Amino acid sequence: MRLEKEIIEWANKKDLIKEENVYQQYAKFMEEANEILVAMNKINFYEKEYIYKLENNLEITKEFFNKGAELEQELKDAYGDTLVTLIISAAQYELGLEDCLEYAYNEIKNRTGKTVGGTFIKD
């Protein structure tokens, strides 16, 4: 993955890929992952407001639509920042994120089970 290599090069230049930094990097991951939740909540509120406006025949302005696009960018940024922290964290242990993803996929690809309340429960 080209971007993974570029991120690792950037992190090396910033002196982040060090064993002694693993807990700080984990803390950064948690911070960025929380930003995903914040963005999701903002989008959820925006969508409810949009439905309310539709149901009540209220004006939907260009600015309102622009706000939706901004929130989508905020969510994209939060996911991206979180992925960057995961790439750096994996590199601190000399692991490639794509290898970790492949390993996890191979573990789950043949699982059977069902989704309950939005969570997959394996057999």
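**Exercise 1.** Determine which residues Leu 71 is in contact with, leaving aside its neighbours within four places in sequence.

*Solution.* Contact requires heavy atoms within 4.5 Å. With the sequence neighbours set aside, the partners of Leu 71 are Lys 42, Ile 43 and Tyr 46. Two conventions apply: the model is predicted, so that local features need pLDDT of at least 70 and side-chain atom pairs pLDDT 80 or more, while totals for chains, interfaces and linings use all residues. Residues are numbered from 1 along each chain as its sequence is written, and side-chain values use heavy atoms, without hydrogens and water.

**Exercise 2.** Identify the residues of the largest nonpolar core and the elements that give two or more residues to it.

*Solution.* A nonpolar core is a set of buried Ala, Val, Leu, Ile, Met, Phe, Trp, Tyr and Cys residues joined through side-chain atoms within 4.5 Å. Buried means under 20% relative accessible area, exposed over 50%, and partly exposed in between (1.4 Å probe, protein chains only). The largest core has eight residues: Ile 36, Ala 39, Ile 43, Tyr 46, Phe 64, Leu 71, Leu 75 and Ala 78. Helix 2 (22-55) and helix 3 (62-92) each give two or more of them; helices are DSSP runs (H or I, at least four residues), numbered from the N terminus. Another core, of five residues, lies apart from this one and includes Ile 7, Ala 11, Ile 87 and Ile 88. In soluble globular proteins, nonpolar side chains tend to be buried together.

**Exercise 3.** Classify Glu 32 and Met 40 as buried, partly exposed or exposed.

*Solution.* Glu 32 is found in helix 2. Its relative accessibility is 7%, so Glu 32 counts as buried. Beyond four places in sequence, Glu 32 is in contact with Ala 78, Asp 81, Thr 82 and Thr 85. Met 40 also lies in helix 2, but Met 40 is partly exposed because its relative accessible area is 41%.
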